[in-house]
Structures are given as C-alpha cells and as structure tokens.
Amino acid sequence: MSDAHHDSGYKYLFSHAELVRELLETFAPPGVAAQLDYATLRRENGHYVTPALKQREQDVV
C-alpha cells in the first residue's frame, strides 16, 4: 500500500472533529480525553513560514 493511500486516510480522519474525539477517547490515557474541550476543535491552515523564513506545508492541522 502506498504512502499516499495512508495519507488520504489520515487527512480524512483529522478533518472531522467527531472522529478525532473518538480516536482520543479510545487511545488517549484514561482521563485525558475527558479534560479536553472538543467544541474548540477546528481545522487550521497548514501553510507556514518558519523562523528561518522557509515555506512549510502540513497535510492537516
């Protein structure tokens, strides 16, 4: 299976707040998921400029 196939799955997962919540509730240490405010989850721009002024792009933030 190619890396691009896995990337698509991760992009889909992290693009949906409800799936991120389920992931954290299932795999985070006990008590951690209960302390998070899921209403604040939002997708962020994945384009950055580093302190060294280099362009950087992330898949999903």
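These are my notebook entries on a predicted model, set down in the order in which I looked things up.

**Entry 1, layout and confidence.** I began with the elements of the chain and found two helices and two strands, which follow one another from the N terminus as α-α-β-β. I then turned to confidence, where the mean pLDDT of the chain is 80 and 80% of its residues reach 70 or more. Among the elements, α2 has the highest mean pLDDT, at 91, whereas strand β2, residues 55-57, has the lowest, at 71.

I looked up how much of the chain is covered, and of its 61 residues 8% count as buried. The chain exposes about 5,300 Å², of which carbon and sulfur atoms supply 54%. For the contacts with a separation of 6 or more, I noted that 18% are between residues 24 or more positions apart.

How many salt bridges does a search of the whole structure find? The search gives one, and I located it between Arg21 and Glu25, whose closest N and O atoms are 2.9 Å apart. That distance meets the criterion, because a salt bridge calls for a side-chain nitrogen of Lys or Arg within 4 Å of a carboxyl oxygen of Asp or Glu. Are the two side chains buried or exposed, or in between? Arg21 is partly exposed at 39% relative accessibility, and Glu25 is likewise partly exposed, with a relative accessible area of 45%.

I went on to the rings, where the count comes to one aromatic pair. The pair is made by Tyr10 and Phe14, with ring centres 6.5 Å apart and planes at 15°, so I recorded it as stacked.

Last, I looked up Ala34, which I found in the loop between α2 and β1, the latter being residues 47-49. Ala34 counts as exposed, at 71% relative accessibility, since the cut-off for exposed is over 50%. I also recorded its relation to Arg21: Ala34 and Arg21 are 13 residues apart in sequence, and their C-alpha atoms are 10.0 Å apart in space.

Terms used
Residues are numbered from 1 along each chain as its sequence is written. Side-chain values use heavy atoms; hydrogens and water are left out. Buried means under 20% relative accessible area, exposed over 50%, partly exposed in between (1.4 Å probe, protein chains only). Rings of Phe, Tyr and Trp (its six-membered ring) pair if their centres lie within 6.5 Å; planes under 30 degrees apart count as stacked, over 60 as edge-to-face and the rest as tilted. Helices (H or I, at least four residues) and strands (E, at least two) are DSSP runs, numbered from the N terminus. pLDDT is the predictor's confidence in each residue, from 0 to 100. Contact means heavy atoms within 4.5 Å. Accessible areas come from the Shrake-Rupley method with a 1.4 Å probe; for residues, only the protein chains shown count as cover.
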